[in-house]
Amino acid sequence: MGAAFAHAETGAEAWLRYAPLPEAERAKYASLPASVVVLGDSPLLRTAQQEMMRGIKGMLGRTLLEAAGQVQERSLVLGTAADIRAVAPELNAPHEIRADGFWLTTGKVHGFDCLIIAGATDRGVLYGVFSFLSRLARGENALTPNVVEQPYAPIRWVNQWDNLDGRIERGYAGPSIFFVGGGVRGDLTRAEDYARLLASLGINGCTINNVNANPRVLEESFLPQLARVAEAFRPWGVQLSIAVNLSSPKVIGGLDTFDPLDPRVKEWWRAKIDAIYRLVPDFGGFVVKADSEGQLGPSTYNRTPADAANAIARALKPHGGIVFYRAFVYNHHLDWRQPKNDRAKAAYDNFHPLDGKFDDNVIIQIKNGPIDFQVREPASPLFGGLRSTNQAIELQVTQEYTGQQRHLCFLAPMWKEVLDFDMHSPEIPSAARKPYSLKDGSPPDSRDDMDPSPSASSGSGFQRVKDLVSGKTFHRPLGGFVGVANVGMDANWLEHPLAMANLYAFGRLAWNHNLTASEIATEWTELTFGRDPLVLNTVTAMLLSSWNTYESYTGPLGAGTLTDITGSHYGPGVESSERNGWGQWHRADHKGIGMDRSVATGTGYSGQYPPEVAKVYESTTATADELLLFFHHVPYTYKLHSGKTVIQHIYDSHYEGAERAEQYVRQWEALQGHIDDERYAATLKRLEYQAGHAIVWRDAVCNWFLRTSGIPDAKGRVGHYPDRIEAESMQLQGYRPLGVTRAETASGGKAVECVTHAQTCAATFKFQGNAGRYELAVQYFDLNTGASKFRVRIGDRAIDEWVANDHLPARGVGGDSSTRRLIKGLALRPGDAIRVEGTPDGQDHAAFDYVEVRPAREP
Ligand code: GCV
């Protein structure tokens, strides 16, 4: 086993490692043809041929001979179905493969036995090659395939929220791979590598700049820079697209208006778009965020989103370009005192009345839920509210509200729930309605056994989100998937070594939304870490339970992610959602919690769903536990279907979630030696951090609800921490107590900080337990305003030291910065003096919260 991992891996190759196959398996491929012939000539076909050679070299150690045009021996043959028909008509290459689809088969070409990869188009050939190599890597029979695959949806794009200065909005993996210092990077190697990864999943478009778009991207001088990115993408069949700011005609165009119906504005867009296509003939189109979070839009001139979208779409149409118009249009200055106000209603209210008014090359891009990528939301009702308009689902790969790639959170199970959701009848097997179980650790999976085929679905009374967004239900010309990816310059693209499972899952679902979350997790793990059963079982189990785990300590019962919504969107911040205009309210007060969104007594949101669904959500008892607080306001003593009260569920789920996060560390530790050391260590570090931060979340949320509701935890855990010694109760030298602003984010509401002129401060306490082996947890605050140092001594002996230099989204002492250092295997005797020393740096005052001393865990 060790040999396969002799070299360290950074994760840069992601799922395209092409690691050598085991010896026995290689032998099976001895009969694989020795040459790869490409019929036809195009950059895409050449890429396909090179990729085949690269894959075979990596996995089988063989260098294929490359040839073009003629099949003169047994070969791997790559070509379009039309070309295959020309050289081997008797093979009857299927006529029904559509754009981007492919056919893998075997047969005679010019009398030679060949393995054939035929695409509907050149791009389909490339996708077929990736599929073939993936099968080979995963140990499927790749010698005698007979497979036709085609994507369910024509549009499969990613958005990057990259700013021109190189920063990425909600990006957690380093700076932009496209931009630096206001322009496109000189070296676009990473952009090309990214296009290769995207192509391997069948993703065919990439919007490279932030939807909060800088108008400069359309300046004359910028266009040639965009053309360079398109060149990097082209060999991989990825179309370039950009996000545009609707005020551009005024801001950079010199007009005194950007009214989409003004003829001068229309003409400006036409000329601009023509100029783009002169430089980038295969340009994909635009993404538009307008009238949203400060971005200007057509409402400035009392025009509708349809007026704006169509004005641009008509200029794009002659070139084959498309416009994604985002449905994320809402008022972020809502009056929170008005009980009928509800941000969740905005997308439907704004776009449903315009159904049928958008041109055919406009697509309404709809976030999966009605709020904003929370850890759990119902499917947006707008999916059911557009019948005569193209639509696409927007899913967020970058984990903005789901742990920011510092916590493990595999999102495929969540996406599947939305995609499988039926707008006609939520009674049909929506996994979302399975009882919520924290115990078994297995998330609900999709129920493909009951899945109608997409074509059947339109006529069968089903209205699944996956068929609606693919355009199948209402026979729309366009439709599909958009993933907000936000990869960065970090070697492994998304920072957490397991986070790339989300990009993989997005691409696979965009290609085939009937795959189950566990099929996807298995594929990804095999390709990323190999096929060792221990690794496979462990990693897939962790992935598949991770969303429920994250949810259980951050966002109970559909209340939304209880995070700092006005700032980082990262650590706990229960109250931050309330009393502001952003509309992410959960209405928790001393009596109860939840948004009443019923028609009868609430905001009326549930009435936006078709009647069968509305009926379920209208009723407190019919609504599934996990969405209860999204739809209803209930007292803390309300009994869930699970039999627990709401408040006890909140306490229990947070404790169970934190415990599971800790189990992930142990599960991972069992993999040492089964995967390469570099990825092993990098992942372990993240999981240990997560386990500590899950405790911060647990304590903050539970204490907030205890204080607010006054109802104690029936199990007596919340507010009682017998192993904990508060820093402020220790003997302090230089350190002084600090009241923490969001009191629940520090134990006892207080921490200590070192703000004296002394170089180093210290806090000491005497161990009072029995002699034995212990582990010590130091809960400290890691701010990004400096890199303070910590040292721990027992008596005179220094037992650990570290620098607080993680890159957390944290400028202050609180839930974002609170971090745990675990010191294991300590022999302690009663009376031992334990001393924490902190040396501040910059504005980071070496603050810490408490020390916990626990008996050592049996290995
Ligand atoms: C790009 C959320 C994010 C914003 C993002 C916005 C959007 O509100 O916090 O950073 O802006 O969604 O999707 O437009």
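Is Gly815 buried or exposed, going by its relative accessible area? Keep that in mind while going through the points below; the reply comes in point 7.

1. What you are looking at. This is a predicted model, in which local features need pLDDT of at least 70, side-chain atom pairs count only at pLDDT 80 or more, and totals for chains, interfaces and linings use all residues. Residues are numbered from 1 along each chain as its sequence is written, and side-chain values use heavy atoms, with hydrogens and water left out.

2. The overall build. The protein has 20 helices and 29 strands; these are DSSP runs, numbered from the N terminus, with at least four residues (H or I) for a helix and at least two (E) for a strand. A compact globule of 859 residues would have a radius of gyration near 29 Å, and the protein agrees with that at 28 Å. That radius is taken over C-alpha atoms, and the globule rule is 2.2 Å times the number of residues to the power 0.38. Along the principal axes, the C-alpha atoms fill a box of roughly 85 × 65 × 55 Å.

3. Of the 859 residues, 63% are buried (under 20% relative accessible area, with exposed meaning over 50% and partly exposed in between; 1.4 Å probe, protein chains only). Among contacts (heavy atoms within 4.5 Å) with a separation of 6 or more, 74% are between residues 24 or more positions apart.

4. Strand β16. Where does this strand (residues 479–484) sit? Six of its six residues are buried, so β16 is largely enclosed by the rest of the structure. For pairing, DSSP has to find at least two bridges between two strands. Strand β7 (residues 155–159) runs parallel to β16 and is joined to it by five bridges, with Asn159 partnered by Val484. Strand β15 (residues 390–396) is also parallel to β16, joined by six bridges, and there Ile393 has Phe481 as its bridge partner.

5. Asn368 lies in the loop between β14 (362–367) and β15, and is buried at 3% relative accessible area. Elsewhere, helix α6 (residues 223–233) has among its buried residues Leu223, Leu226, Val229 and Phe233. The buried residues of α6 pack against β9, α5, β10, β11 and α8.

6. Two backbone angles to check. Most residues other than glycine have a negative phi. Glu495 is not a glycine, yet has a positive phi of about 80 degrees. Glu495 lies in the loop between β16 and α14 (500–511) and counts as partly exposed at 24% relative accessibility. Arg579, also not a glycine, has a positive phi of about 55 degrees. Arg579 is found in the loop between α16 (533–554) and β17 (592–593), and at 49% relative accessibility counts as partly exposed.

7. Back to Gly815. Gly815 is buried, with a relative accessible area of 6%. Its place is the loop between β26 (797–803) and β27 (818–828). Gly815 touches Gly571, Pro572, His693, Val696 and Thr745, not counting residues up to four places away in sequence. From C-alpha to C-alpha, Gly815 and Arg742 are 8.2 Å apart in space, while in sequence they are 73 residues apart.
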